[in-house]
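Please consider the structure shown below. The paragraphs that follow lead through selected side chains and their surroundings.

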Amino acid sequence: MQPVISIQQLSKTYASGHSALKTINLDIRKGEIFALLGPNGAGKTTLISIVCGIVNPGTGTVLVDGHDIIGDYRAARSKIGLVPQELFNDAFESVWSTVKFSRGLFGKKPDAAYLEQLLRDLSLWDKKDARLFELSGGMKRRVMIAKALSHEPQILFLDEPTAGVDVELRRDMWNMVRGLRERGVTIILTTHYIEEAEEMADRIGVISKGEIILVEDKQVLMHQLGKKQLTLQLQQPLESIPAELARYPLELVDAGHALVFTFDTQGEHTGIAELLKDLAQKGIDFKDLQSSQSSLEDIFVTLVQESRA
């Protein structure tokens with residue numbers, strides 16, 4: 001299947017000499033939720049801005065549903081809705097006027113029924129006559145989404161969509177995004193909230209210092225790079241790990257009151273049985289044990305640290 005967005009050999013260096021993007025190659029599949037993760041300054045917003053036609057690329061090509069963003073920019077841009085990180089609205093316009101005007105900018109015929117349903121889906125219908133300066137920050141964020149969807153795009157970019165909003169609104173927006181995907185809209189999401197990607201994304205891309213360092217299906221990523229840990233609460237604290245246990249990946253924590261054993265979830269043998277046997281032979285008793293698995297945040301932090309090394 002042809003990707004809905006195809007980015008090949010894309011780079012961007014600003015006049016200041018700052019290299020924001022370095023040879024980006026990335027394909028986005030139609031109908032997926034793709035989460036782009038990276039620390040501040042990694043190049044996330046620059047990449048989105050180039051695809052959306054806001055920033056000129058340096059070298060390389062970008063195709064949106066087969067349309068080149070430079071040679072066929074009108075067709076490419078009409079396929080895209082963008083919810084930027086910063087709120088930009090005409091404060092004295094009403095919600096209805098703002099969304100209606102945004103639809104008209106893309107040459108779409110008036111469709112009051114579609115816009116009404118859009119505002120209802122975003123819990124904005126009762127605010128349709130309110131001027132934007134009267135709205136809360138969360139409501140303004142909803143208006144930005146309504147503007148981005150007003151021309152019925154096939155692709156929606158969400159650049160830090162839930163930054164600074166409360167937990168309830170964040171959950172509402174997650175539900176809205178899932179609903180859009182069910183209707184065939186492709187979602188590209190950048191976020192600082194790792195749980196947002198873990199909750200919603202089909203695939204994860206990690207960008208660091210202007211380079212894509214990994215793209216993988218979320219479940220595959222968490223299976224391949226996730227580690228499990230077994231924490232044993234000891235009956236008596238240890239000053240150090242006995243030399244006889246040095247072959248195990250053990251860490252002494254909590255002032256010697258607990259041992260943490262890290263093992264590979266894909267390994268043929270976890271080594272837990274052997275560890276417990278050796279602990280018993282050494283007379284090291286434990287009163288409780290818990291297991292835990294790496295989160296997407298743990299994996300992300302590890303990948304970024306490795307890329308900086």
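A residue is called buried if its relative accessible area is under 20%, exposed if over 50%, and partly exposed in between. The model discussed here is a predicted one. Arg103 has a relative accessible area of 5%, so Arg103 counts as buried. This residue belongs to helix H3. A polar atom of the Arg103 side chain lies 2.8 Å from the backbone oxygen of Ser150. Leaving aside residues up to four places away in sequence, Arg103 touches several others, among them Lys108, Asp111, Tyr114, His151 and Glu152.

The aromatic side chains come next. A pair of aromatic rings is described by the distance of the centres and the angle of the planes. The count of aromatic pairs comes to three. In one of them, the ring centres of Trp96 and Trp125 are 6.0 Å apart and the planes stand at 80°, so the arrangement is edge-to-face. Trp96 lies in helix H3, whereas Trp125 lies in the loop between helix H4 and helix H5; the pair thus links distant parts of the chain, 29 residues apart. Trp96 is partly exposed, at 22% relative accessibility, and Trp125 is partly exposed at 22%. Over the face of Trp125 lies Lys128, at 5.2 Å from the ring centre.

Tyr248 and Phe261 form an edge-to-face pair because their planes are at 80°, with ring centres 6.2 Å apart. Tyr248 is in the loop between strand S11 and strand S12, and Phe261 is in strand S13, so this pair ties together parts that are 13 residues apart in sequence. Both Tyr248 and Phe261 are buried.

Notes:
Residues numbered from 1 in each chain as written. Predicted model: local features only at pLDDT ≥ 70, side-chain atom pairs only at ≥ 80, totals over all residues. Heavy atoms only, no water. Phe/Tyr/Trp six-rings, centres within 6.5 Å; stacked < 30°, edge-to-face > 60°. Helix = DSSP H or I, 4+ residues; strand = E, 2+ residues; numbered from the N terminus. Buried < 20%, exposed > 50% of the residue type's maximum accessible area, 1.4 Å probe, protein only. Lys NZ or Arg CZ within 6 Å of the ring centre and 35° of its normal. Polar contact = N/O pair within 3.5 Å; in protein donor to acceptor, adjacent residues only side chain to side chain. Contact = heavy atoms within 4.5 Å.
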